Amino acid sequence: MRLARLSIVLLLVTGCAGFTTESEFLAGRQALLRGEPDNARSYFDRVAQSDPQFVSNQVAPPRSIWTYIGHADYNAGRYAQAESAFERAIGQLSEDYIAKLYLGLTRLRPPEPTVSSKAFSLQEVTYALREGIDPKRVATLARERGVAFDLNKETETQLETAGANNSLLEELKKIRADNTKGSGVTEARRSQAAKELTDALTGLREWLLYTISYTPQGQFWDPSQQIRNQLDLCLKLLAARPPNWDAVIANAEWVGSMFEEESDRARRDESAERNRQLRR
């Protein structure tokens, strides 16, 4: 009897721990989507400490917790840390194509410049805008203090949602470009990045086609074929000689952002369809 009670207690403890880990992950993911990479990183770090092999069943295609740690660092402009996290993610899950995608993108980013400790983080800029500080004032402060992050497709959208206008976005790009002036990416890194991006984009396309053709959830994925078209465009850009690297980065970042959003959208559409079927 005591053994049975102990077994039940252990099952309950294990279940609670799993629920807490998943909750921490989802909270971190929401912070990441809101443009709070530092907050997101705190949540993801706790998940990794609790379960270094964690893979959430809430997102598709499957990706490691280290992919999300790397994603938070990437959005925060911490490229060296992001690169290490993506490499660890691929070591854990060889078919983590999102990690491969962002690893390639990380290698195309210039080395991190030395910035002031007072430089604005993405999270600080997003918070200021949400608090109603005028974008012109934010731009003035950013010129004075500097910025510690790059703008990509995802972070631009997050800043726009928080209240950034085009003038502020252009000013942030200019400030960051001035910081990184003279620090280029070597051809060896670009060649390595091109291979990783090609593998990632090909793997994502194959995963998407299989999901659409052979799984019950497939009917809810990419109904407009927008993602498939973008994957094809990215592969063509990479095959060009020489590639337009700015276009490669912008379009590959769009792919990463869309897969994050599509996972949620497909899940919502599947749930709505299930509810409609039950009401019949």
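Trainee: In which helix do Glu270 and Arg274 both lie?
Mentor: In this predicted model, the side chains of Glu270 and Arg274 meet in a salt bridge, 3.5 Å from N to O. The two residues are four places apart, about one turn of the helix. An α-helix has 3.6 residues a turn, so residues at that spacing point the same way. The helix that holds both is α12.

Trainee: What is the relative accessible area of Glu187, which forms a salt bridge with Arg190?
Mentor: Glu187 and Arg190 are three residues apart in helix α10, so about one helical turn separates them. Arg190 is partly exposed at 25%. Glu187 is exposed, and its relative accessible area is 57%.

Trainee: Which residue forms a salt bridge with Glu83?
Mentor: The closest N and O atoms of this pair are 2.4 Å apart. Glu83 is in helix α4 and its partner is in helix α5, 24 residues away. Both residues are buried. The partner is Arg107.

Trainee: Which element gives the largest share of the largest nonpolar core?
Mentor: That core has 53 residues, and Ile65 and Phe259 are among those with the most contacts inside it. Elements giving two or more residues to the core include α3, α10 and α12. The largest share is ten residues, and the element that gives it is α12.

Terms used: Residues are numbered from 1 along each chain as its sequence is written. This is a predicted model: local features need pLDDT of at least 70, side-chain atom pairs count only at pLDDT 80 or more; totals for chains, interfaces and linings use all residues. Side-chain values use heavy atoms; hydrogens and water are left out. A nonpolar core is a set of buried Ala, Val, Leu, Ile, Met, Phe, Trp, Tyr and Cys residues joined through side-chain atoms within 4.5 Å. Buried means under 20% relative accessible area, exposed over 50%, partly exposed in between (1.4 Å probe, protein chains only). A salt bridge is a side-chain nitrogen of Lys or Arg within 4 Å of a carboxyl oxygen of Asp or Glu.
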